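Subject: Structure for your review

Dear colleague,

My notes on what was found in it follow directly after it.

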Amino acid sequence: MSKCKVAIIGSGNIGTDLMIKILRHGKHLEMSVMVGIDPNSDGLARAARMGVATTHEGVSGLMAMAEFADIDIVFDATSAGAHVKNDAALRKAKPGIRLIDLTPAAIGPYCVPVVNLDKNLSQGNVNMVTCGGQATIPMVAAVSRVAKVHYAEIIASISSKSAGPGTRANIDEFTETTSQAIEVVGGAAKGKAIIILNPAEPPVMMRDTVYVLSEAASQAEIEASIEAMAAAVQAYVPGYRLKQKVQFEVIPQDKPVNIPGVGQFSGLKTAVYLEVEGAAHYLPAYAGNLDIMTSAAMSTAEKMAQTLVKVAGEVA
């Protein structure tokens, strides 16, 4: 066993882009089955042309296929509601299977590869938070490893054209899941997330703004931590970058500001401005919001597969 066989549920933009990434760059992953519900979807047609087994009968169709017996990892790129049902069905059919959830369902623990992947390698289901979460939570975590973070707010602005039906149907889940993950993974005492669908033409790239309120700390140390974290994310999302230098504002004790849900605050405000350009494997370059999700999911699966392959080798 040198590679782990994987299946993707969801033959839309995210699922198709992820499939192409795995076929082109998978080191420990072997693309086995693409699962959809629309027999005429471009994703299923493309998968068939690339030699990947397909089914348009959803999870039930996947479980009826001979290939299912050898699948180790399943990516779910459907919707939050669908993932709950998919997880239950797959776990009942194959208890040891690993699920990587690209929806905001958050059945399993939140996973942001550069922050907490090592803690979640043995989990049966990990949640990739959201595109905004994958882009911004590393920045919150970068500050929190230097100073205590009282509040973090992120604004994710994406091209309206890159927001498909799944994204639009999960706007509420996006804000809730991202806000919670800012706290659980990023280390903020209080988190808030906002998403903006920008209708500009030509389409704009994904832009993210991160505001972090922390206790007073060395600005040089925080800036160095942020730059190091950005470099770590770039290792699997090459189009991820700081749009400008990190900005700071000292809020003195005699002039505190009132933060809803936090109260009176004085300390250090850190502002980080990000841009995410997609790799354009299947999606256009401006769809960095989708690219960062598929890249993070693949990075997570590669590390999981390494662990599974190692264990299989030791058993053999």
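Residue C131 is found in helix α6, which covers residues 131-144. Please keep in mind that the model is a predicted one. C131 deserves a place at the head of these notes on account of its record: in an unreviewed UniProt entry, the annotation "active site" covers C131. Is C131 buried or exposed? Its relative accessibility is 9%, and because buried means under 20%, C131 counts as buried. Which residues surround it, if its neighbours within four places in sequence are left aside? C131 is in contact with F174, M206, N289, I292 and M293.

N116 lies in helix α5, residues 113-116. With a relative accessibility of 12%, N116 also counts as buried. Apart from residues up to four places away in sequence, N116 touches Y110, C111 and V185.

I turn next to the sheet. Six strands form an open sheet, and their order is β3-β2-β1-β4-β5-β6. The pairing in this sheet is parallel. Strands β3 (53-55) and β6 (125-127) stand at the edges; each has a single partner strand, so one side of each is left without a neighbour in the sheet. From one strand to the next, the twist averages 25 degrees.

Strand β2, made up of residues 29-35, is joined to β3 by three bridges, and the two run parallel. Within this region, V35 stands opposite T55 in β3. Helix α1 (residues 13-25) packs on the sheet, where it touches β1 (4-9), β2 and β4 (71-76). The direction of helix α1 makes about 155 degrees with that of β2.

How many aromatic pairs does a search of the whole structure find? The search finds zero. The charged end of K94 sits over the ring of F68, at 5.4 Å from its centre. Likewise, K269 lies over the face of Y211, and here the distance to the ring centre is 4.9 Å.

Yours sincerely,
A colleague

Definitions and conventions:
Residues numbered from 1 in each chain as written. Predicted model: local features only at pLDDT ≥ 70, side-chain atom pairs only at ≥ 80, totals over all residues. Heavy atoms only, no water. Pairing = 2+ DSSP bridges. Helix = DSSP H or I, 4+ residues; strand = E, 2+ residues; numbered from the N terminus. Axes fitted to C-alpha atoms, helices over the stretch in contact; angles between N-to-C directions. Contact = heavy atoms within 4.5 Å. UniProt positions renumbered as here; feature names shortened; annotations may be inferred. Buried < 20%, exposed > 50% of the residue type's maximum accessible area, 1.4 Å probe, protein only. Phe/Tyr/Trp six-rings, centres within 6.5 Å; stacked < 30°, edge-to-face > 60°. Lys NZ or Arg CZ within 6 Å of the ring centre and 35° of its normal.
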